[in-house]
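Please read the briefing below alongside the coordinates. It goes from the whole chain to the sheet, and then to single residues.

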Amino acid sequence: SHDYPMSIQGLMKAATNVTSMEAPVDSFVTVMSVTDPMFMKYPIAMATETGCWNPTDAEAKALRTYMEKGGFLLLDDLVFSDGTPMHLELAIARVEQWMQRVLPEGKLVPVPASDPIFNDFFEIGPDEVPGAAGGTAHAQLYGIYQDNDPTKDLMVIVTYRGVLGHHWRWKSGVGSGLGEGDTPSGKAYRLGLNILVYGLSH
C-alpha cells in the first residue's frame with residue numbers, strides 16, 4: 001500500500017495522544033499473511049487495496065475463522081489505481097465478490113448512524129466519512145453484522161470509496177495530531193479512533 005507504514009503510524013500517534021492506549025508509533029508495525037497462525041492473536045486487522053486481491057481458498061477460510069472467532073476486519077482504500085469512479089466501483093464489486101467466499105451468508109450493508117462505530121469515542125456522522133478526491137468525494141461505511149443482525153456486533157467494515165489511511169498519514173497534525181476539526185484528516189482520525197476502540201471493546 002502506498003500509505004504504509006505512515007497511515008498506521010499516524011493513527012497510533014493519535015491513539016496514544018487522546019486515549020489511555022500504549023501503542024508504538026514508529027518502531028513496530030505488524031504485517032502478516034492471514035494464513036499465519038499468529039494472525040488469530042490480533043483482535044483487529046486492516047487490509048488495503050483489497051479490490052486488487054483474490055484470496056486463495058486457504059486465505060478465505062482463514063479470514064472466515066478469524067471473524068467467526070471474534071476478529072474484527074477493516075478494509076480501506078480498496079483500489080490502488082487512479083481512483084476514478086470506474087475503478088472505485090470495480091474495486092467495490094471485486095471485494096463484494098470475494099467476501100461472499102469468505103462469509104457466504106454475510107450481507108454487506110450500509111452502517112447506520114445509530115451504530116456505535118459512529119459514537120463509541122467521538123461523535124461522527126455516516127455522511128462525514130472522507131473519501132477520495134482530497135476527501136471531498138462521497139464515502140460510506142458498509143459492514144457485515146453477526147447473523148446479519150444490526151443489533152449485534154460488526155465483523156467487518158469496508159470504506160466504500162473511502163481512503164481513511166491516506167488521511168492518517170500526516171502524523172505531525174495540529175495540537176493532538178488529529179488534524180483540524182472539519183478537515184478530511186480530522187474526520188478520518190476521529191472515525192479511525194472509533195474503529196480502533198470498537199474493535200478492541202466488542
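Predicted model: local features only at pLDDT ≥ 70, side-chain atom pairs only at ≥ 80, totals over all residues.

Residues are numbered from 1 along each chain as its sequence is written, and side-chain values use heavy atoms, with hydrogens and water left out.

**Overall make-up**

- The chain has 5 helices and 7 strands, where helices (H or I, at least four residues) and strands (E, at least two) are DSSP runs numbered from the N terminus.
- Along the sequence these elements follow the pattern α-β-α-β-α-β-β-β-β-β-α-α.
- Of the 202 residues, 45% count as buried, a class that means under 20% relative accessible area, while exposed means over 50% and partly exposed lies in between (1.4 Å probe, protein chains only).
- Among contacts (heavy atoms within 4.5 Å) with a separation of 6 or more, 68% are accounted for by residues 24 or more positions apart.
- The accessible surface of the chain comes to about 9800 Å², of which 54% belongs to carbon and sulfur atoms; the areas come from the Shrake-Rupley method with a 1.4 Å probe, and for residues only the protein chains shown count as cover.

**The sheet**

- An open sheet of 5 strands has the order S1-S2-S7-S6-S3 with mixed pairing, and two strands pair if DSSP finds at least two bridges between them.
- S1 and strand S3 (109-110) stand at the edges with a single partner strand each, so one side of each is left without a neighbour in the sheet.
- Strand S1 (residues 44-48) and S2 run parallel and are joined by 5 bridges, with Ala47 standing opposite Leu75 in S2.
- Strand S6 (residues 140-145) pairs with S7 in the antiparallel sense over 6 bridges, and Tyr142 stands opposite Val158 in S7.

**Burial of S2**

- Strand S2 (residues 72-76) is largely enclosed by the rest of the structure, because 5 of its 5 residues are buried.
- Phe72, Leu74 and Asp76 point one way from S2, whereas Leu73 and Leu75 point the other way, and all are buried.

- Asp77 lies in the loop between S2 and helix H3 (85-102), and its relative accessibility of 5% makes it count as buried.
- The C-alpha atoms of Asp77 and Ala91 are 9.3 Å apart in space, while the two residues are 14 apart in sequence.
- The count comes to 1 cavity of 30 Å³ or more, a cavity being a set of points, on a 1 Å grid over the protein atoms alone, where a 1.4 Å probe fits but cannot get out.
- The largest cavity holds about 40 Å³ of space, the volume being that filled by probe spheres set on grid points joined across faces, edges and corners.
- Residues lining the largest cavity include Asp77, Leu88, Ile92, Thr159 and Arg161, where lining residues have an atom within 4 Å of a point.

**The loop between S6 and S7**

- Asp147, found in the loop between S6 and S7, has a positive phi near 60° although it is a residue other than glycine, and at 61% relative accessibility Asp147 counts as exposed.
- Asn148, also found in the loop between S6 and S7, is not a glycine but has a positive phi of about 55°, and at 31% relative accessibility Asn148 counts as partly exposed.

Technical notes: 1 Å grid on protein atoms, 1.4 Å probe; cavity = no way out; pocket = protein on both sides within 12 Å on 5 of 7 lines; lining within 4 Å.
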